[in-house]
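Please walk me through this two-chain model.

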Amino acid sequence: MTAFVARRLLFAVALVFVVSSATLLLTRLAPGDVTAELGPFAAPAEVAAARARLGLDRGPVEQWALWIARVGRFDFGDSFLYNRPVRDLVGRATANTAILAVVALLAATAFGIPLGIVSGSRRGTAATVIRAVSLVCLSVPPLLTSLLLVFLAATTRWLPAGGMTSVDALDGRWSTWLADLATHLPLPALALALPIAATFERLQAQSMAEALQQPFVTAAAARGVAPREIVLRHAWRVSLRPICGVYGIAIGTLLSGSFVVEFVTAWPGLGRLMYEALRARDIYLVAGCAAMGGWVLAAGMMVGDLLLAAADPRLREQGRG
Amino acid sequence: MRRAGLTLVTIVALVALGAPWLAPNPPGRSFPQSLYAPPTAVHLRGLRPFIYQQRLISRLERRFEDDVSRPVALHWFADGRLVSIPEGEGPLLLLGADALGRDIFSRLVYGARTSLALALAGTLGALVLGALVGGLAGYAGGLVDDLLSRITEFVLVLPAMYVALALRAALPLVLPPATVFVLLAAIFGLLGWPIVARGVRAIVASEREREYVMASHALGAGPWRMLLRHLLPSAAGYMAVQATLLLPAFILAEATLSYVGLGFPDTVPTWGTMLQSAANVSLLGQAPLMLAPAAPILLVVLGVNLSIQGRGRTPVQLEP
């Protein structure tokens, strides 16, 4: 188990290193740089000073080496676009994305798993309806769901159509902030959660149907265990394995999907920050966002593997997932 | 279920092929009197469908009124179009007009061409690259296999949307449409190949132990001939399934990139560039037809999902 975690950690470090270095060099080699933000009438001396401050006057490799050396001291440089340390910006954006992603994942679990148990263990109208709905949800990408939800919110005015906080909720009390957040959260979270919930439902239904075919189910039924008990106590536990496997993948989907949702609903998260940084070629901010994204991705995969090991003792014995 | 899915996809493909004939108006044509015009209602009297010409009442309030005094009959099969309205008596806007007074329906029909062609090109690129890398890894084995497999797994892990974003943003933002097409197809190919390569590698690696491979080896077939003529054809079924999964994913990727302004310029009608006009929330309430491209995107993804349903295959992963 320790060897497995160690190997995963090594992979995480490698991923973060490669991803952030690649984006840094890519942004550096791209035509133009962030000093274009100064406008067309900036004095040449001013532009040169800004370039020197960001290390843009050095060679790409030299700049990269300096950046790596600083990252070793947890200093990710400054964002020219926001004129603030990258660490603060990325930390804040990651927290915002995490709120969105965690709520979406919880919602997807809360809807997907129970519905999957129902549609996997029963036949009839309910199961058919659930299957049809989840097939449609599976086919609606977050881009379209979030646009449709924003449209609904804009016409009905039941929920705010975008953003994360309203201006009138800035009185500093955290209860106000929380209540405000709770009105802004459902829309993006739902858009993000729908396809994932549908994936969970389909997987759970399939593996539940398979688990109910197993001999131990027949044995339990022969011992006189009630059908409800068989499904919830015996079959469900066995059917959880593929679900745990997909949690690791779901983190990647959440990260990818959250970009679109954040963009459409103006959620100030990591995806939006990265987009703005990329467009402005804000080199250290791009690399910081990429490093954070790589780290989240690796952590998500590790959690997925650990869940898998927890659900299936056979994997624990082997020591790797 | 399967047939319904295939039918949906076929219909969209046929619409794309017949775009110049199906679209009542040229996609780039702007009707200055029809900015944000609502859909033109088609009325029926007996068997002759006709429309009323729309008159602009207030440009500010975007109010339009039907000129009921003079019905205009639809012209069938005129000027090489299925249905149209003579010059000066129209326009025929089946789904209304956008912010520049362009016919949304015609743009949707033409947009199917670009969106589908790009997705096809990206899928083709991913298949070729994936087959090459996977085939090589599976056939060569040993160190080459290890190296290629590690690279494949690494690219597979990366969140595709961000990679596409980073690659596209690293290039000049304003480019001619043809360059954008080639560029996006290349990016999609670079993103899609690992999934193909992983499966192809497994198939080729197990297939090369078979007797027919040894036989053709004994007959003196070189490695390339072996790979292309004998080993890769056995992975054809797998690649076909992957292609159906990649196609809708790439349609979505184009829509997303164009939506955030990193895809095609607005002059090129694609489903993504059309969705971009839905970005303005305050306008969206008054002009809900800006969301029209959502319908064909949904149809394609749903069609593919339906057609692979119940064959023990995982449904489309929405992010490529």
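**The core and what surrounds it**

In the largest nonpolar core, which has 172 residues, A104(A), V286(A), C289(A) and A164(B) touch the most other members. A nonpolar core here is a set of buried Ala, Val, Leu, Ile, Met, Phe, Trp, Tyr and Cys residues joined through C-beta atoms within 7 Å. The biggest contribution comes from helix α10 (residues 227-265) of chain A, which gives 17 residues. Helices (H or I, at least four residues) and strands (E, at least two) are DSSP runs, numbered from the N terminus.

This is a predicted model: local features need pLDDT of at least 70, side-chain atom pairs count only at pLDDT 80 or more, and totals for chains, interfaces and linings use all residues. Residues are numbered from 1 along each chain as its sequence is written, while chains are lettered from A and ligands numbered from 1 in the order in which they are written.

How confident is the predictor in chain A? The average pLDDT of chain A is 85, and 95% of the residues score at least 70. That score is the predictor's confidence in each residue, from 0 to 100. Within chain A, helix α4 (residues 86-121) has the highest confidence, at a mean of 91. Helix α13 (residues 313-318) of chain A has the lowest, at 61. Where pLDDT is low, the predicted coordinates should not be read in detail.

Leaving out residues up to four places away in sequence, A164(B) touches I187(B), L191(B), A253(B) and L257(B). Contact means that the C-beta atoms of two residues, placed from the backbone, lie within 7 Å.

Now the interface. Chain B brings 33 residues into contact with 37 residues of chain A. On the side of chain B that touches chain A, α5 (160-169), α9 (236-259), α11 (281-284) and α12 (294-307) of chain B each supply at least two residues. The residues of that side divide into 28 nonpolar, 4 polar and 1 charged. In this count Ala, Val, Leu, Ile, Met, Phe, Trp, Tyr, Cys and Pro are nonpolar, Asp, Glu, Lys and Arg are charged, and the others, Gly among them, are polar.

Next, chain B as a whole. Its secondary structure comes to 12 helices and 5 strands. The C-alpha atoms of chain B fill a box of roughly 85 × 45 × 35 Å along the principal axes. Of the 320 residues in chain B, 43% are buried. A residue is buried if 20 or more other C-beta atoms lie within 10 Å of its own, exposed if 12 or fewer, and partly exposed in between, with C-beta atoms placed from the backbone. Among contacts in chain B between residues at least 6 apart in sequence, 71% join residues at least 24 apart.

One residue of helix α9 of chain B is P248(B). P248(B) counts as buried because it has 26 C-beta neighbours inside 10 Å. The C-alpha atoms of P248(B) and R55(B) are separated by 40 Å, and the two residues are 193 apart along the chain.

Turn to the strands of chain B. An open sheet of 3 strands has the order β1-β2-β3, with antiparallel pairing. Two strands pair if DSSP finds at least two bridges between them. The edge strands are β1 and β3 of chain B, each pairing on one side only. Strand β1 (residues 43-45) and strand β2 (residues 48-58) of chain B are joined by 3 bridges. H43(B) has F50(B) in β2(B) as its bridge partner. The β1(B)-β2(B) hairpin has 2 residues between the strands, and G46(B) in the turn has a positive phi of about 65°.

β2(B) is joined to strand β3 (residues 63-73) of chain B by 7 bridges. I51(B) has V72(B) in β3(B) as its bridge partner. The hairpin of β2(B) and β3(B) has 4 residues between the strands, and R62(B) in the turn has a positive phi of about 55°.

Finally, two residues of chain A. N83(A) has a positive phi of about 55° although it is not a glycine. N83(A) is exposed, with 7 other C-beta atoms within 10 Å. R281(A), also not a glycine, has a positive phi of about 60°. R281(A) lies in the loop between α11 (270-280) and α12 (283-311) of chain A. R281(A) is buried, with 23 other C-beta atoms within 10 Å.
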